[in-house]
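Student: Could you walk me through this protein, one question at a time?

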Amino acid sequence: MTTSSGSRSFAGRRAAYLTLARVIVQSRKPGTPSLGDRARALPRMVGGALSGRSGVLGRGRLGLLILAVAYLVSPVDLVPEALTAVFGLVDDGVVAVWLGGALLVETQRFLEWERAGRPRVVDGELVG
């Protein structure tokens, strides 16, 4: 018997895997940024999100990405793996798949935004 919570978590995992697969397939198409281009774009993307000058990545989404990284590297999460063996790794796998897919999507959006001329935010007063 499946609970509604169980079916939601399965749907979430399935959506994460499908998103990651779609992004990987799209990233292999000619003309798309390489993984090196994406890695070099990360500091600019994070800096733009923190300063509020990026038109792509907001602070909320950046916070989720940072929380996912913290979850994966946190030593506190080692206890479930020690007690439940393989099943304890499933939650880490789901978070890692989501994080990988999210980083691919966000870097793609950021690089497209940069290529489009990087509309800038100008500090000042609105007159009108």
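The questions below go from the overall fold to a few side chains.

Tutor: Happy to! This is a predicted model, where local features need pLDDT of at least 70 and side-chain atom pairs count only at pLDDT 80 or more, while totals for chains, interfaces and linings use all residues. Residues are numbered from 1 along each chain as its sequence is written, and side-chain values use heavy atoms, leaving out hydrogens and water.

Student: Which pattern does the protein follow along the sequence?

Tutor: Helices (H or I, at least four residues) and strands (E, at least two) are DSSP runs, numbered from the N terminus. The protein has five helices and zero strands. Read along the sequence, the pattern is α-α-α-α-α.

Student: Is Tyr71 buried, partly exposed or exposed?

Tutor: Tyr71 sits in helix 3, residues 59-73. Buried means under 20% relative accessible area, exposed over 50%, and partly exposed in between (1.4 Å probe, protein chains only). Tyr71 has 31% relative accessibility, so Tyr71 counts as partly exposed.

Student: Is Phe110 buried or exposed?

Tutor: Phe110 lies in helix 5, residues 86-115, as does Trp113, three residues away, about one turn of the helix. The relative accessibility of Phe110 is 0%, so Phe110 counts as buried.

Student: Are the rings of Phe110 and Trp113 stacked, edge-to-face or tilted?

Tutor: Rings of Phe, Tyr and Trp (its six-membered ring) pair if their centres lie within 6.5 Å; planes under 30 degrees apart count as stacked, over 60 as edge-to-face and the rest as tilted. A search of the whole structure finds one aromatic pair. The centres of Phe110 and Trp113 are 5.6 Å apart and their planes are at 40°, so the pair is tilted.
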